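Biologist: Hello! I am new to this structure and would like to know what lies behind the words you use for it. Could we go through it together?

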Amino acid sequence: MSSSDPRTPSTPAPQPEDLDALRGRLDELLPAAIADLEALVRIPSIAFPGYDPQPVHRSAEAVAELLRGAGLPEVEILSVQDGAPAVVGRLPAREGRPTVMLYAHHDVQPTGDENAWTSPPFAPERRGDRLYGRGAADDKAGVMAHVTALRLVGEQLAVDGIGVTVFVEGEEEAGSPTFRPFIEAHRDRLAADLIIVADSANWAVGTPALTTSLRGLVDVVVEVRALEQGVHSGIFGGPALDALTQLSRLLATLHDEAGEVAVPGLLNAPDPEVEMPEADFRRDAGVPEGLDLAGRGPISAQLWTRPALSVIGIDAPSVQDASNTLVPVASAKLSLRIPPGQDPEQALSALTVHLERNAPSTAQVTVHPGHTGKPYAAPQGSAAMTLARDSFATAWGTPPVDTGLGGSIPFIADLLEVFPGADVLVTGVEDPQSRAHGIDESLHLGEFARVCLAEALILRGAGRLAEERDSEAPA
């Protein structure tokens, strides 16, 4: 960070009476914040190919209006070639003062079977202390956490000269295909000293978490061809083995009998210090009673610091449409999560080699590589991490748990490469019952309020953080 302006007073840590005032102001702001969130949830902003792009544009326009209303003087809707619309709002910093980037995304996952939802996915509904709807948690609540924090302390930030850039992406759920070109094209607008990525989860309702590691991602489609065309299973079955059976046998080589990933060349990171209770995992994951869990060792290690390999889709005839025909070709999409320390290209190579070496002699196996994303490990003792821990502890009344996240946010590596001097904090609005990406996604409204307060405290502390870093810099 650049040196502090001696004319700018130091930003003090909030005192009890100041904190009480912030809490009171937040209580006043919450009804409007929740109403604005409900309005965003009503927009079916799915950025996947094949979906109507107009709702994504409407969602971007709604976010832009919210940022203008939160006091940001510069708000633009931007995109690069073939990209979905992103929203960038800016409050420029005064000379010598830091800038904080607040990231979220306004696009959402497809709904799945809408009939399986208790209430329609794009008709937000409050039930008890939760708000239900697609995007209510992931990540339109992240958008509204930024907006609400700015409504709470934006005027003070302007007085203190602290800059804020809000970057709300429009294609994160679709894999952020143009993220890197976008941040390179708009590098000057997005440059920041501290980046807060509001797209993660907390430990439990009432207990915050600071995400300190993220697994990376590799996906492939493996295609197995056994015949040139489908033929009668009675006449030709026996010497000719169908492609679906052979695909199933190949997929069975990916794990050992305990369910551990059995692909040579994949790495483990050290086990986390915190453990997740088995009962909590079973409840949150929805594991039916009486079933064993897969794998060996601590659950937290299996979730955060070890590889996980899943079959997430198969192209083959459905049961309803099946005929007495040998299936000539079948494909499966594999999702491999890799821990910090594993290079995605090395992991892709290891998975490809395994599939090719275990290919049956009775079929042709082709591996089609897909997306890759780097894992992430945060520096544990940085001043930014200390500020975040203090802010979380104040907002929740209990210290945060340092956790990993089994999911991936690959663009964090891009942010660090394009803005190498920035600190990154990964925060979030979700809790284990949020069911992000799933049926009946929801947001705990009490947790949402605490997230907003914690982010406001981090923003207030950014000036102090800059001064501490400058004082530690060599003369």
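This is a predicted model: local features need pLDDT of at least 70, side-chain atom pairs count only at pLDDT 80 or more; totals for chains, interfaces and linings use all residues.

Biologist: What makes the peptide bond from aspartate 138 to aspartate 139 cis?

Modeller: Its omega is near 5 degrees, and the bond is cis. As background, most peptide bonds are trans.

Biologist: What is the phi of aspartate 82, and where is this residue placed?

Modeller: Aspartate 82 has a phi of about 70 degrees, a positive value although the residue is not a glycine. Aspartate 82 belongs to the loop between β1 (74–78) and β2 (86–91). In general, most residues other than glycine have a negative phi.

Biologist: How far apart are glutamate 114 and isoleucine 439, in sequence and in space?

Modeller: Glutamate 114 and isoleucine 439 are 325 residues apart in sequence, while their C-alpha atoms are 8.1 Å apart in space. Glutamate 114 lies in the loop between β3 (99–105) and β4 (125–127). With a relative accessible area of 45%, glutamate 114 falls between the two cut-offs, so it is partly exposed.

Biologist: What makes valine 143 count as buried?

Modeller: Valine 143 has 1% relative accessibility. The cut-off for buried is under 20%, so valine 143 counts as buried. Its place is in helix α3.

Biologist: Which residues does valine 143 touch, beyond those up to four places away in sequence?

Modeller: Valine 143 touches Leu40, Val63, Ala104, His105 and Val168. Each of these has heavy atoms within 4.5 Å of valine 143, so the word contact applies.

Biologist: How do you know whether serine 331 is buried or exposed?

Modeller: The relative accessible area of serine 331 is 12%. That value is under 20%, so serine 331 is buried. Serine 331 is placed in strand β13 (residues 329–338), and its contacts, leaving aside neighbours within four places in sequence, include Val221, Leu247 and Asp315.

Biologist: What does the side chain of serine 300 reach?

Modeller: The side chain of serine 300 reaches the backbone oxygen of valine 274 at 2.8 Å. Serine 300 lies in helix α9 (residues 299–304) and counts as buried at 1% relative accessibility.

Biologist: Why is helix α12 called mostly covered?

Modeller: Six of the eight residues of helix α12 (residues 411–418) are buried. These are Phe411, Ile412, Ala413, Asp414, Leu415 and Val418.

Biologist: Which residues are closest to the centre of the second largest pocket, and what is its volume?

Modeller: The second largest pocket has a volume of about 360 Å³. Of its 17 lining residues, Thr212, Ser213, Pro272, Glu273 and Gln380 are the closest to the centre. The largest share of the lining, three residues, comes from β16. By class, the lining has eight nonpolar, six polar and three charged residues.

Biologist: Finally, how do you know how compact the chain is?

Modeller: The chain has 13 helices and 18 strands. Its radius of gyration is 24 Å, close to the 23 Å that the globule rule gives for 475 residues, so the chain is as compact as a globular protein of that length. Of the 475 residues, 51% count as buried.

Notes: Residues are numbered from 1 along each chain as its sequence is written. Side-chain values use heavy atoms; hydrogens and water are left out. Helices (H or I, at least four residues) and strands (E, at least two) are DSSP runs, numbered from the N terminus. Buried means under 20% relative accessible area, exposed over 50%, partly exposed in between (1.4 Å probe, protein chains only). A polar contact is a pair of N or O atoms within 3.5 Å; within protein, one must be able to donate a hydrogen and the other to accept it, and residues adjacent in sequence count only if both atoms are side-chain atoms. On a 1 Å grid over the protein atoms alone, a cavity is a set of points where a 1.4 Å probe fits but cannot get out, and a pocket is an open set with protein on both sides within 12 Å along at least five of seven lines; lining residues have an atom within 4 Å of a point. Grid points are joined across faces, edges and corners, and a volume is the space filled by probe spheres set on the points. Ala, Val, Leu, Ile, Met, Phe, Trp, Tyr, Cys and Pro count as nonpolar, Asp, Glu, Lys and Arg as charged, and the others, Gly among them, as polar. The radius of gyration is taken over C-alpha atoms; the globule rule is 2.2 Å times the number of residues to the power 0.38.
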